[in-house]
Amino acid sequence: PSPRALGPRAPSLQRGRARLILNQPDESIADFDRARALGCTFADIDYFLSLCRDRQGKFAEALADIDRFLAAVPDSDQAHLQKGWVLRNLDRQDEAIAILTKAIDMNPKLAGAWSNRGSASIPRAGASSHCPTTCTR
């Protein structure tokens, strides 16, 4: 929606997005919360919150945010990419590979999905799953 259509919620949304770009996730979350308090139901808030919480290392919360967004906008290749990234951070590699494959099916030119799917296929040292016996924990 345009800033005009969002009315008084627009400044909080715009500020939240700008602060996310500036890597200020705490301040960005506060702006998105303000927009919600003003009655904004814009689904993209959940996508942006997932990005913020991912940057904070709050992966379970990031996953809940992106799942809410995908419930509203199931055809977003970028959201599937984000969910795959979060699943990788949660060490849920098989799920990450599946969701990243879905993102690739939606948009074969989505380079980040290809890259992350490849990375999710490689065992990580210290990971609790997919770890060969030679890995250190």
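Let's start with Asp46: its relative accessibility is 8%, so Asp46 counts as buried. Buried here means under 20% relative accessible area, exposed means over 50%, and partly exposed lies in between, with a 1.4 Å probe and protein chains only.

A word on the source. This is a predicted model, where local features need pLDDT of at least 70, side-chain atom pairs count only at pLDDT 80 or more, and totals for chains, interfaces and linings use all residues. Residues are numbered from 1 along each chain as its sequence is written, and side-chain values use heavy atoms, leaving out hydrogens and water.

Where is Asp46? Asp46 sits in helix α4, residues 44–56. Helices are DSSP runs of H or I, at least four residues, numbered from the N terminus.

What does the side chain of Asp46 meet? There is a polar contact with the side chain of Arg36, at 2.8 Å. Another, of 3.2 Å, links the side chains of Asp46 and Arg68. A polar contact is a pair of N or O atoms within 3.5 Å; within protein, one must be able to donate a hydrogen and the other to accept it, and residues adjacent in sequence count only if both atoms are side-chain atoms.

Now helix α3, residues 25–37. Its buried residues are Pro25, Ser28, Ile29, Asp31, Phe32 and Ala35. Seen down the axis of α3, they fall within an arc of 160°, taken from the directions from the helix axis to the C-beta atoms, so they line one face of the helix. The face turned away from that buried side carries exposed Asp26 and Ala37.

After α3 comes Gly39, with a positive phi near 100°.

Conventions. Helix = DSSP H or I, 4+ residues; strand = E, 2+ residues; numbered from the N terminus. Expected span 1.5 Å × (residues − 1).
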